[in-house]
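Here is a short briefing on one chain fold.

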Amino acid sequence: MPDIEIVERGVTLAVRGVDEPGAIRAASFPSQQAQIEDALALVPVQHLGAIPEIWIGNRPASGGGFYRNPPHIGLNRRTFDAEHNRRHLFTLLHEIGHAVDRQLHAVTQFQHRCTASGDSEPSGAEWTLYRAIAYGGRNRRADGTPAYGEHFAEGYAILLTRPSRITTAQQRLIRTLARLA
Ligand SMILES: [Zn+2]
């Protein structure tokens with residue numbers, strides 16, 4: 001499988017399985033590599049070091065995933081032409097959001113900050129604002145609501161692509177959690 005290195009603002013990133021014969025990409029880009037490079041150009045420079053290897057293939061079965069062992073982002077080879085990935089590769093930016101969260105422990109710290117002593121669950125206005133960042137994916141808690149980290153990953157990708165999709169208060173919150181503020 002074609003393995004390449006992309007250098008983004010001086011940071012070298014490894015990509016496996018890119019632009020294999022018959023590779024699926026959005027029509028607005030000449031290659032999967034170009035589509036990845038377009039997304040990486042949107043990532044704040046201080047976050048580039050958090051990005052693990054990017055593997056394109058059959059895992060996960062659709063969309064993308066952030067894996068810890070070994071650390072990598074998986075992109076399903078068909079996701080490049082998904083409607084939400086045609087303008088920018090939103091799925092990659094979402095997974096990079098998980099990588100940034102992992103490095104900064106952003107959501108864990110925020111969750112603890114929003115949990116009153118004696119309570120088992122976070123609460124309060126900031127937490128409600130955070131949980132209102134819509135996530136339609138499959139990573140869910142036992143009660144069916146999104147896993148806590150998903151609002152950050154989604155908010156991060158929205159912030160970098162079309163910030164007006166979330167409120168200015170949510171933009172500010174994501175920027176603070178991502179240490180961009
Ligand atoms: Zn996610």
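**Sheet, helices and one histidine**

β1 and β2 form a hairpin, and two residues lie between them. R9 sits in that turn and has a positive phi of about 45 degrees. The model is a predicted one.

- Five strands make an open sheet in the order β1-β2-β3-β5-β4, and the pairing is mixed.
- β1 (3-8) and β4 are the edge strands. Each has a single partner strand, so one side of each has no neighbour in the sheet.
- On average, neighbouring strands of this sheet are turned by 25 degrees against each other, direction ignored.
- In a regular strand, side chains alternate between the two faces of the sheet.

**The β1 end**

- β1 runs antiparallel to β2 (residues 11-16), and six bridges join the two.
- I4 has V15 in β2 as its bridge partner.
- Helix α1 (residues 32-40) packs on the sheet and touches β1, β2 and β3 (53-57). The direction of α1 makes about 30 degrees with that of β1.
- How many of the six residues of β1 are buried? The count is zero, and β1 is hardly covered.

**The β4 end**

- β4 (residues 64-68) and β5 (residues 71-76) pair in the antiparallel sense, over five bridges.
- A hairpin through two residues joins β4 to β5.
- G64 stands opposite L75 in β5.

**Helix pair α2 and α5**

- α2 (residues 90-104) packs with α5 (residues 148-161) at an angle of about 125 degrees. Their axes are 8 Å apart.
- Why do α2 and α5 count as oblique to each other? The angle is about 125 degrees, and angles over 145 would count as roughly antiparallel, while 65 to 115 would be roughly perpendicular. The two helices are therefore oblique.
- The crossing of α2 and α5 is right-handed.
- On the α2 side, the contact uses F90, L93, H94, G97, H98, V100 and D101. On the α5 side it uses G149, F152, A153, E154, Y156, A157, L160 and T161.
- By class, this contact of α2 with α5 has eight nonpolar, five polar and two charged residues.
- An α-helix has 3.6 residues a turn, so residues three or four places apart point the same way.

**Cover over α5**

- α5 is mostly covered, with eleven of its 14 residues buried.
- The buried residues of α5 include E150, H151, G155, I158 and L159. F152, A153, E154, Y156, A157 and L160 are buried and also meet α2.
- What covers the buried residues of α5? The cover includes α2, α3 (106-113), α4 (125-131) and α6 (168-177).

**H98**

- Is H98 buried or exposed? H98 has 24 other C-beta atoms within 10 Å, and the cut-off for burial is 20 or more. H98 is therefore buried.
- Setting aside neighbours within four places in sequence, H98 is in contact with F66, G149 and A153.
- H98 and E154 are 56 residues apart along the chain. Their C-alpha atoms are separated by 9.0 Å.

How values were computed
Residues are numbered from 1 along each chain as its sequence is written. This is a predicted model: local features need pLDDT of at least 70, side-chain atom pairs count only at pLDDT 80 or more; totals for chains, interfaces and linings use all residues. Two strands pair if DSSP finds at least two bridges between them. Helices (H or I, at least four residues) and strands (E, at least two) are DSSP runs, numbered from the N terminus. Axes are lines fitted to C-alpha atoms, for helices over the stretch in contact, and angles run from 0 to 180 degrees between N-to-C directions. Angles under 35 degrees count as roughly parallel, over 145 as roughly antiparallel, 65 to 115 as roughly perpendicular and the rest as oblique. A crossing is left-handed if the near helix is turned anticlockwise from the far one by less than a right angle, and right-handed if clockwise. Two residues are in contact if their C-beta atoms, placed from the backbone, lie within 7 Å. Ala, Val, Leu, Ile, Met, Phe, Trp, Tyr, Cys and Pro count as nonpolar, Asp, Glu, Lys and Arg as charged, and the others, Gly among them, as polar. A residue is buried if 20 or more other C-beta atoms lie within 10 Å of its own, exposed if 12 or fewer, and partly exposed in between; C-beta atoms are placed from the backbone.
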